[in-house]
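Trainee: I have a new model open and would like to learn how to read it. Could we go through it together?
Mentor: Gladly, let us take it feature by feature.

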Amino acid sequence: MGFHILKAVALSVTAFLSPIALAQPFAYITNQLDDSVSVIDTASNKVVETIKVSGKPAGVALSPNADKVYVSTPETGGFSVIDTKTGQLINKVALSAGSLGIAASPDGKTIFVADWYKNQVSVVDAETLKISTQLVVGQSPSGLVVSPDNRWLYVANRLSNSVSQIDLTKMSIRNTTIVGMHPFGIAVDKKGERIYVANVQSDDITVLTTVNLKNIATIKVNMLPYAATLALNDTRLFVTNQEDGSVSVIDTVTLKEMALIPVGDKPEGISTHSDDQHVYVANWFDGTVSVIDANTLKVTETIKTGEGSRAFGQFISK
Amino acid sequence: MKKIPFIISALFLVLTTTVNAHGPVRQKAEQDITINAPADKVWGIIKDFGDMSWHPGIKNITNSKANEKGSVRVLTLKSGGTITEELKKYDEKNMSYAYKITEMSTLKTITHAGAEEHVPVLPVDNYAASIDVTAEGNSSVVAWKAGYYRAYTNNNPPDEMNEEAANTAVNEVLKTGLENLKALAEK
């Protein structure tokens, strides 16, 4: 039973189903308590489809050309692959029990999955969906991000209070540095110069250089910063404060918080639209998504999704 | 071509074989109640973080300081045991506050998977909650929300420490508290 058969079937399925009217980009929101993924058409900001995904979907990543969504399923210990053209779940990949953080490399060749229990990151070939290697990192690895040039993978090690930098040419750890208390979400800028790490327990953001992990700044935010994303040509950083029901806006030049935007209850995942201006926030408690205009710093829309919307990762297609 | 649905089913049968293990998933509970009393009056009953005499499950309470972030209260339960909570957010204007459980005493010790496990008095882990009062004319709505994990943080929990035990216990705390609050406010 090889992958080729699956591919052939997937192709047949595609041919059979009438393709959903697609107008890019879409936001894919994991609803952990509903075992589903809500697909939001960002042109209308409406949920156009809800895809059943068992295993308590939590983390999310998109292939660079947006043909696939990868959703981590901690309960079934692995991740599911959704074909975005058909809205069908086309594969389930078994890894290990604590699969949560997930990222796809910008070249589309690799998927990385952090295992919360085993202190490792599985490196999965995006074509064959086979594990190519497993990297031992710090304790309870959570957020993952790959530098835009595919050179480095950064891992937030929650219980080790550190970030590991993995050299993707050698597939080995190059450097590990201490950050704030319990780092969780992690973001990289488009130029590949800085990474921003949300520390859930010390209520701050650590700013590091991408190459040498030099600590540039620690920025105080609010209660339980969970994840972060950049907008407006990397000039603004948006951070979900989970226990505060808000998003902190940081000016990346002054490295200070410049605004605090109330959103829904227990905001978690956060991603920037390809227009670089709208920021989408998944509110876990409310089961909604707030859309923020990065220019006016106002919530422009609130979209009903499903129970326990987490969307931890990059969830909007480019 | 007619065979395709069968092929898909067969394929999924193989593909859905997964590891039989469970990672904890954050749970939520919410209870709301409408009270036929003005919001000021209702807020007046619950506004002191150091006073939880409005909850029927609480025997007594001690707290470290006034209604400010970082204040710690220790609840002694009528059923025995203690819960320590820290005030994380206090918003007088919006009649709301949020807090976290930082410590709990053990209700009982069980043996599970060959190890001794302490079941906490509230069978949850990493518990955070908020309570707020909203005016609706001359009455008010109180919403009490909590987010938490089950008490057992590894795979395959015992019954006393699984999601069902956590959800049942938390909903009971919220529900009985709000019902008593309503009774007190409507007196």
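Trainee: Which residue is the bridge partner of N157(A) in β14(A)?

Mentor: The partner is S162(A). Before we go on, please keep in mind that this is a predicted model, in which local features need pLDDT of at least 70, side-chain atom pairs count only at pLDDT 80 or more, and totals for chains, interfaces and linings use all residues. Residues are numbered from 1 along each chain as its sequence is written, while chains are lettered from A and ligands numbered from 1 in the order in which they are written.

Trainee: What do strand and pairing stand for here?

Mentor: Strands (E, at least two residues) and helices (H or I, at least four) are DSSP runs, numbered from the N terminus. Two strands pair if DSSP finds at least two bridges between them. In your example, β13(A), residues 152–157, runs antiparallel to β14(A), with 6 bridges joining them. On to the next pair: β14(A) is also antiparallel to β15(A), residues 172–178, again over 6 bridges. There, Q165(A) has N175(A) as its bridge partner.

Trainee: Which residue takes a positive phi in the hairpin of β13(A) and β14(A)?

Mentor: That is N161(A), with a phi near 55°, in a hairpin that has 4 residues between the strands. In the hairpin of β14(A) and β15(A), M171(A) takes a positive phi near 55°, and 4 residues lie between those strands.

Trainee: How many residues of β14(A) are buried?

Mentor: A residue is buried if 20 or more other C-beta atoms lie within 10 Å of its own, exposed if 12 or fewer, and partly exposed in between, with C-beta atoms placed from the backbone. By that count, 5 of the 6 residues of β14(A), which spans 162–167, are buried, and the strand is mostly covered.

Trainee: Is T300(A) buried or exposed?

Mentor: T300(A) counts as exposed because it has 11 C-beta neighbours inside 10 Å. You will find T300(A) in strand β27(A), residues 298–304. For contacts, the rule is that the C-beta atoms of two residues, placed from the backbone, lie within 7 Å. Leaving out residues up to four places away in sequence, T300(A) touches V291(A) and D293(A). Its C-alpha atom is 7.6 Å from that of S290(A), a residue 10 places away along the chain.

Trainee: Which residues have the most contacts inside the largest nonpolar core?

Mentor: In soluble globular proteins, nonpolar side chains tend to be buried together. A nonpolar core is a set of buried Ala, Val, Leu, Ile, Met, Phe, Trp, Tyr and Cys residues joined through C-beta atoms within 7 Å. The largest one has 93 residues, and those with the most contacts inside it are I102(A), L144(A), V155(A), V197(A), I205(A), A228(A) and F238(A).

Trainee: In what order do the strands of the open sheet of 4 strands stand?

Mentor: The order is β20-β21-β22-β23 in chain A, with antiparallel pairing. Strands β20(A), 225–231, and β23(A), 256–262, stand at the edges with a single partner strand each, so one side of each is left without a neighbour in the sheet. For angles, axes are lines fitted to C-alpha atoms, for helices over the stretch in contact, and the values run from 0 to 180 degrees between N-to-C directions. Neighbouring strands here are turned by 25° against each other on average, direction ignored. Between β22(A), residues 246–251, and β23(A) there are 6 bridges, and V247(A) has I261(A) as its bridge partner.

Trainee: How many helices and strands does chain B have?

Mentor: Chain B has 3 helices and 9 strands. An open sheet of 7 strands has the order β1-β9-β8-β5-β4-β3-β2 in that chain, with antiparallel pairing. Its edge strands are β1(B), 27–35, and β2(B), 58–63, each pairing on one side only. Strands β8(B), 124–136, and β9(B), 139–150, are joined by 11 bridges, and A135(B) stands opposite S140(B).

Trainee: At what angle do α2(B) and α3(B) pack?

Mentor: They pack at about 120°, with their axes 10 Å apart. In α2(B), K41(B), V42(B), I45(B) and I46(B) meet L181(B), L184(B) and A185(B) in α3(B). Helix α2(B), residues 39–46, lies across β1, β8 and β9 of chain B, and helix α3(B), residues 163–185, lies across β1, β8 and β9 of chain B as well.
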